[in-house]
Amino acid sequence: IILLLAMSVFAQGQTIEGKTMKLEQMLQLAQKQNLSIQSLQKESAYWKQLQAAVFEPAKTQVGAEYGKFNSINNDTRFMLSQSFSLPVVYKRQKEFYRANENAQMAMVDWKQQELNKEVKLVFWQMADLLARQDLLLRLDSVYSRVLKAAELRLKSGESNLLEKTTAETQLQQFRIQQQQVYSDILIAQQKLQWLLNTGDKLLPDYTTE
């Protein structure tokens, strides 16, 4: 009886807090804030930036000399030099950087698809868990009344102890399931926080307008 009372208090105190959000909003937030996506996008931007800086010749060398170079008289000589690579070198460098950018962009697209799949999976898992939680709470209410009725019938001699024990066992099973569902919802919330890179606790809004 003490165990059932404790579980009843625990079950009644289980409330899932969180900001409701539709699936499309979660997908947009994940695309914007997911750390893996951000890292891959920065890598792609890095290779793109390198392409713009392919033609960067060496610094111009300037020099001057003073002395007897061509005659017995002192002469002054100024020097200016600039080195360049062959055009094919710059072309191949740019092609290399572009190939890396394209590969990185393909990786971003692939990672985005995988992220969308994970967000959708967690979203509908939470929707299922919340529906199960609601059903279990209603069953808890029904079997609580069944247990009270069995206790009254036992006191009046209209039933035996087996009926009461059966109702207690069934109610206990429902409350154990409630605890498991509650824990699973919290785990799903934490996974959404990680996927979306947010500190907010979220709940799925799967209602249709």
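**Legends to close-up views of the predicted model**

**View 1. Glutamine 104 lies in helix H4 (residues 87–156).** Helices here are DSSP runs of H or I with at least four residues, strands are runs of E with at least two, and both are numbered from the N terminus. Glutamine 104 has a relative accessible area of 16% and is therefore buried (under 20% relative accessible area; exposed is over 50%, partly exposed in between; 1.4 Å probe, protein chains only). Leaving aside residues up to four places away in sequence, glutamine 104 touches Leu40, Glu43 and Ser44, a contact being heavy atoms within 4.5 Å. The model is predicted: local features need pLDDT of at least 70 and side-chain atom pairs count only at pLDDT 80 or more, whereas totals for chains, interfaces and linings use all residues. Residues are numbered from 1 along each chain as its sequence is written, and side-chain values use heavy atoms, with hydrogens and water left out.

**View 2. Phenylalanine 123 and tryptophan 124 form an aromatic pair.** Rings of Phe, Tyr and Trp (its six-membered ring) pair if their centres lie within 6.5 Å; planes under 30 degrees apart count as stacked, over 60 as edge-to-face and the rest as tilted. Phenylalanine 123 is buried at 1% relative accessible area, whereas tryptophan 124 is partly exposed at 46%. The whole structure holds 3 aromatic pairs.

**View 3. Threonine 165 belongs to helix H5.** With 35% relative accessibility, threonine 165 is partly exposed. From C-alpha to C-alpha, threonine 165 is 8.6 Å from leucine 147, and the two residues are 18 apart in sequence.

**View 4. Asparagine 197 sits in the loop between helix H5 (161–196) and strand E4 (202–204).** The phi angle of asparagine 197 is near 50 degrees, a positive value in a residue other than glycine. Its relative accessible area of 32% makes asparagine 197 partly exposed.

**View 5. The protein chain contains 5 helices and 4 strands.** Along the sequence these follow the pattern α-β-α-α-β-β-α-α-β. Of the 209 residues in the protein chain, 30% are buried. Among contacts between residues at least 6 apart in sequence, 74% join residues at least 24 apart.
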